[in-house]
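Here is a quick tour for anyone meeting this chain for the first time. Have a look at the model, then read on.

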Amino acid sequence: MKRVLSGIQPTGEIHIGNWLGAIVNYVELGRKLGREALYCIVDYHAMTNPLAYEKELLAQRTFEAALVNIAAGLDPEKVTLFVQSHVPEHTELSWVFTNITPVGDLQRMTQYKDKAAKLESVGAGLLMYPVLQAADILIYKADTVPVGEDQIQHLELSREIARRFNTLFGETFPEPTAYLNPDAPRVPGIDGKAKMSKSTGNTIGLLEDPQSVWEKIRLLPDDPARIRLADPGDPERSVVFKFLPYFAPKEMVEVLKEEHRRAGIGTLAIKQILFDQYMKATRPIRERAEWLRQNPEYVLDGLEDGARRARQIAQATMQEVREKIGLLRLE
Ligand code: ATP
Ligand code: MG
C-alpha cells in the first residue's frame with residue numbers, strides 16, 4: 001500500500017453506514033500512512049443526483065462532512081483532507097477518461113440504474129459519476145481505496161480505466177483495490193433491507209439528535225413471526241440484532257441472542273441496550289464535533305492545507321497525462 005484515497009459526498013447527514021463502512025478505515029489507514037492518505041469531500045459528485053443536490057446547502061454540507069471526518073478521528077495535520085472542487089485537475093482528468101470508457105459499461109452500473117430509476121430526467125453527470133471517481137483516485141496514483149461494498153463495482157471500472165489508459169498511452173496508473181471493513185461492508189437501512197444511504201433517508205446519523213435516534217431504534221422492525229411479547233424471538237430475523245454487533249461487544253451480543261431465543265428478554269429492552277451502546281460509541285465524536293463547531297477555522301485551515309498538498313500531486317499527474325495524450329504544449 002503506497003497511497004490511499006477515498007471520497008465522501010456532501011449529499012446529507014453522514015450516517016453510521018458511512019462511518020463503519022468507510023470512515024473508520026480512513027482513520028486507521030491515515031494513522032499508518034500519514035500524508036499519503038488523501039480524503040476528499042466530493043462536491044462535484046453531489047451535483048449528479050438532483051434529488052440530493054441543493055445549491056443553498058452544498059457549501060454547508062461540504063463543511064459539515066469535513067467536520068464529521070475530523071471529529072471521527074482524521075487529523076488534518078497528518079492526513080490530506082480536502083474538497084474535490086478545490087483541485088480542478090480531478091475534472092480535467094475525468095474528461096480524458098470519458099473518452100476511453102464505453103458508455104455501455106457505465107449503463108450497467110447498479111448505482112446508476114438505482115438512482116436513475118427515481119428520476120424523470122437523468123443528467124449525463126449521473127452516468128459519468130464512476131469516471132469522475134476513477135479520476136479522483138488515479139490523479140493521486142492511489143492503489144488502495146477504503147470504501148463500502150457498494151463501491152466495488154465502481155472500483156472495478158476504475159481498474160479497467162487505468163488498464164486501458166496504460167495500454168493506450170504507456171504505464172502511468174496503478175490498478176487500485178478496495179479496502180473493506182469486514183465487520184461492516186454494507187450497513188442496512190433502518191428498514192433492515194436496502195443499503196443505508198444519505199439520499200434514501202433510511203439512516204441513523206452519526207451525530208443525530210439522541211431523541212431522534214431513539215425514536216428510529218424504537219421503531220426498528222421486529223421478527224415478523226413474533227406476535228406476543230412473551231413469544232421467543234429469532235435474532236436472525238430481527239433488525240435490531242443486525243445493528244447490535246456494530247456497537248456491542250461480541251460476548252454481549254451472544255448472551256442477548258440466547259436470552260431472546262428463550263423469550264428471556266424482549267425487543268424493547270434490546271433496543272434500549274443498542275441505543276446505549278450507540279451513544280457510548282458516538283459520544284467522543286459528538287464532543288469533538290461540538291468543539292469544531294466552536295472553532296470552524298480549524299476545519300477550514302485543514303481543508304486549505306489539504307487542497308494545497310493534493311494540488312501538488314494532481315498537477316504533476318496531469319502534466320504527465322497531457323504529454324502522454326499528445327496535447328500541444330506552448331513552452
Ligand atoms: P448517497 O446516497 O448520496 O450516495 P451514501 O450514503 O451512499 O450517499 P456516499 O457519500 O456515496 O454515501 O459514500 C461514502 C462512503 O461510505 C463510500 O465509501 C461508501 O461505500 C460508504 N458507504 C455508504 N453507505 C454505506 C453503507 N450502508 N454501508 C457501508 N458503507 C457505506
Ligand atoms: Mg453512495
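A residue counts as buried if 20 or more other C-beta atoms lie within 10 Å of its own. By that rule, buried residues make up 40% of the 331 residues in this chain. Keep in mind that the model is predicted.

What about the overall shape? The C-alpha atoms fill a box of roughly 80 × 45 × 40 Å along the principal axes. Inside, the chain has 12 helices and five strands. Take the contacts between residues at least 6 apart in sequence: 77% of them join residues at least 24 apart.

Now for helix α12, residues 296-325. Its 30 residues reach 42 Å from first C-alpha to last, close to the 44 Å expected at 1.5 Å a residue. Its buried residues are V299, G302, L303, G306, A307, A310, I313, A314, M318 and V321. An α-helix has 3.6 residues a turn, so residues three or four places apart point the same way. What covers the buried residues of α12? The cover includes these elements:

| Element | Residues |
|---|---|
| β2 | 37-41 |
| α2 | 55-71 |
| β3 | 80-83 |
| α3 | 89-98 |
| α11 | 267-294 |

One last stop: an unreviewed UniProt entry places a short sequence motif, the 'HIGH' region, at residues 10-18. The end C-alpha atoms of residues 10-18 lie 12 Å apart, and the span is 33% helix and 0% strand.

Notes. Residues numbered from 1 in each chain as written. Chains lettered and ligands numbered in written order. Predicted model: local features only at pLDDT ≥ 70, side-chain atom pairs only at ≥ 80, totals over all residues. Helix = DSSP H or I, 4+ residues; strand = E, 2+ residues; numbered from the N terminus. Expected span 1.5 Å × (residues − 1). Buried ≥ 20, exposed ≤ 12 C-beta atoms within 10 Å, placed from the backbone. Contact = placed C-beta atoms within 7 Å. UniProt positions renumbered as here; feature names shortened; annotations may be inferred.
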